[in-house]
Amino acid sequence: MKDMTITANAIENLLDSYADHKAMMKTYEEEVESDIDKLENDEEYMYHRGFCESSERWIRCIGLSPESPMVEKMIQEHM
């Protein structure tokens, strides 16, 4: 198998995209307050949710936490 290298730029893009999609999810959640059923029927929300779930797996694979203060700060900047 060929060796692969993950560049700092790729990690930065992953984190930036994750923060953007996570901010969108939080915006949707704030709009509907506690009506989760309504969100699960919203295609756009589910797109952002799926993106975030996948990104969180990749973020953990490279040894970072999606709940880290750095990532949380990036999410707040996208809101």
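1. In this predicted model, Arg 49 and Glu 40 are joined by a salt bridge in which the closest N and O atoms lie 3.6 Å apart. Both residues count as partly exposed, Arg 49 at 26% relative accessibility and Glu 40 at 41%.

2. Five salt bridges are counted in the model, and one of them pairs Lys 26 with Glu 72 through their side chains, at 3.7 Å from N to O. Since Lys 26 belongs to helix H1 and Glu 72 to helix H4, this pair ties together parts that are 46 residues apart in sequence. Lys 26 is partly exposed, its relative accessible area being 23%, and Glu 72 is likewise partly exposed, with 29%.

3. A further salt bridge is formed between Arg 60 and Glu 67, where the closest N and O atoms are 3.4 Å apart; Arg 60 is partly exposed, at 45% relative accessibility.

4. Helix H4, which spans residues 69-78, has Val 71, Met 74 and Ile 75 as its buried residues. Viewed down the axis of H4, these buried residues fall within an arc of 100°, and they therefore line one face of the helix. Such spacing can be read against the helical repeat: an α-helix has 3.6 residues a turn, so residues three or four places apart point the same way.

5. Helix H1 (8-32) is included in what covers the buried residues of H4, while the face of H4 turned away from its buried side carries the exposed residues Pro 69, Lys 73 and Glu 77.

Conventions
Residues numbered from 1 in each chain as written. Predicted model: local features only at pLDDT ≥ 70, side-chain atom pairs only at ≥ 80, totals over all residues. Heavy atoms only, no water. Buried < 20%, exposed > 50% of the residue type's maximum accessible area, 1.4 Å probe, protein only. Helix = DSSP H or I, 4+ residues; strand = E, 2+ residues; numbered from the N terminus. Arc of directions from axis to C-beta. Contact = heavy atoms within 4.5 Å. Salt bridge = Lys/Arg side-chain N within 4 Å of Asp/Glu carboxyl O.
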